Amino acid sequence: MEPVDALNEIAFWLERERAQNFKVQAFRKAAAALSGRSSEEIAAQARSGRLKSVSGIGSTSFEVIRQAVDGRIPEYLQKVRERNAHELSPAAATLLAALVGDLHTHSEWSDGTTSIETMADAARLLGRNYIALTDHSPSLKIAHGLTADRLERQLREVSRINDRFDDFQLLAGIEVDILESGELDQTSDLLERLDVVVASVHSKLKADSETMTRRMLGGIENPFTNVLGHCTGRLLEGTRGTREQSTFDAARIFAACADNNVAVEINSRPERQDPPDDLIALALEAGCLFSIDTDAHAPGHLSFLDLGAERAISNGVPAERIITTWPRERLLEWASA
């Protein structure tokens, strides 16, 4: 295989494992260091050892390159592939194949780790027909939320990237914070121009049930909201530690989602698994639509969609109620209604 492909695939699987970013970047930087070199040049410099002195190529990445130019699958790549092998149930595999979109992804413009273009290319390679770029809104300063001016500039970048594709579309979106007042954290003029709006609560998650319910209802009832993101805000594990789920009147929240045509997100991240199973059951009973999303902050996270598919199947969510199985044209028509 091509050395650049091997290095990028290793980075992808390390991202799936949620490895420390410096480990991931070691392989992405090595791949970037080979940019502009022909296959013959890379092979010659690897065999002579000259690549060892190239900035960005360390001893491990050099060994990966050397094994690839010798016609082998690099040992490091074999190991990460084996660690990430995950067999889906037949029903979940069928649903995964039907998932053509992902409405919750991030780039380096906020708290993601790679460029918008890299995320789009990875999604396309994974067989998605569309993904929504949903970087954070201004109030989430810890995640470098986008001001109105930066979001304007991002919209131009999304348009430029989409000019490259005829079989894939990067949807313009946002993960907008639901403020304590229940208002959305971006101007209506900009929200109106977006393809998809995911509304989420990110702060004061320990508020009492009445306060949280009132806040969430404000976001759900906003005419620009399409998806209610990670509704409880819980964290089950991971580098950020654990966090209890927020409390709210779930019956009122999911009734409002159904009444306002807002999909409930099934967040596929292993540390979130949000909503919990009992709330998925309540949302189903309320007649809600669902959106299986990855909340990806790196290309490898885009592969979390299989975990969301497993949870949907285990909770009896029918495919026809999952908007990310819809063709792009139907999805956009629904989102703009």
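Me: Before the charges of this structure are discussed, which residues count as positive and which as negative?

Reply: Lys and Arg count as positive, Asp and Glu as negative, while His and the chain ends are not counted. In this model, which is predicted, the protein has 37 positive and 52 negative charges, and their mean positions are 7 Å apart.

Me: Which residues have the most contacts inside the largest nonpolar core?

Reply: A nonpolar core gathers buried residues of nonpolar types, such as Leu, Ile and Phe, joined through side-chain atoms within 4.5 Å. The largest core here has 59 residues, and Leu228, Phe254 and Phe290 have the most contacts inside it. Leaving aside neighbours within four places in sequence, phenylalanine 254 is in contact with Cys231, Val264, Leu279, Leu282, Ala283, Ala286 and Cys288. Apart from this core lies another, of 25 residues, among them Ile10, Val24, Ile57 and Val69.

Me: Let us turn to single residues. Is isoleucine 292 buried or exposed, and in which strand does it lie?

Reply: Isoleucine 292 lies in strand β7, residues 290-293. Its relative accessible area is 0%, so isoleucine 292 is buried. Not counting residues up to four places away in sequence, isoleucine 292 touches several residues, including Leu95, Leu99, Ile266, Leu305, Ala309 and Ile322. Asparagine 267 is 25 residues away from isoleucine 292 in sequence, with 6.3 Å between their C-alpha atoms.

Me: Where is there a cis peptide bond, and what is its omega?

Reply: Omega is the angle to read for a peptide bond. The cis bond joins aspartate 274 and proline 275, with omega at about 5 degrees. Proline 275 lies in the loop between β6 (263-267) and α12 (277-286).

Me: What is the phi of glutamine 273, and where is glutamine 273 found?

Reply: Glutamine 273 has a positive phi of about 45 degrees, although it is not a glycine. Glutamine 273 is found in the loop between β6 and α12. With a relative accessible area of 32%, glutamine 273 is partly exposed.

Me: Is aspartate 295 buried or exposed, and what is its phi?

Reply: Aspartate 295, a residue other than glycine, has a positive phi near 55 degrees. It is found in the loop between β7 and α13 (305-314). Aspartate 295 counts as buried because its relative accessibility is 3%.

Me: Which helix holds serine 188 and leucine 190, and how is each classed by accessibility?

Reply: Serine 188 has its place in helix α9, residues 188-193, and leucine 190 is in helix α9 as well. Serine 188 counts as partly exposed at 44% relative accessibility, whereas leucine 190 is buried at 3%. Leaving aside neighbours within four places in sequence, leucine 190 is in contact with Ala148, Leu151, Glu152 and Leu155. Between the C-alpha atoms of serine 188 and phenylalanine 224, 36 residues apart along the chain, the separation is 8.0 Å.

Me: Is glutamate 210 buried or exposed, and where is its place?

Reply: Glutamate 210 has its place in helix α10, residues 209-221. At 60% relative accessibility it counts as exposed. Aspartate 249 is 39 residues from glutamate 210 in sequence, and their C-alpha atoms are 7.4 Å apart in space.

Note on methods. Residues are numbered from 1 along each chain as its sequence is written. This is a predicted model: local features need pLDDT of at least 70, side-chain atom pairs count only at pLDDT 80 or more; totals for chains, interfaces and linings use all residues. Side-chain values use heavy atoms; hydrogens and water are left out. Buried means under 20% relative accessible area, exposed over 50%, partly exposed in between (1.4 Å probe, protein chains only). Contact means heavy atoms within 4.5 Å. The place of a charge is taken as NZ of Lys, CZ of Arg, CG of Asp or CD of Glu. Helices (H or I, at least four residues) and strands (E, at least two) are DSSP runs, numbered from the N terminus.
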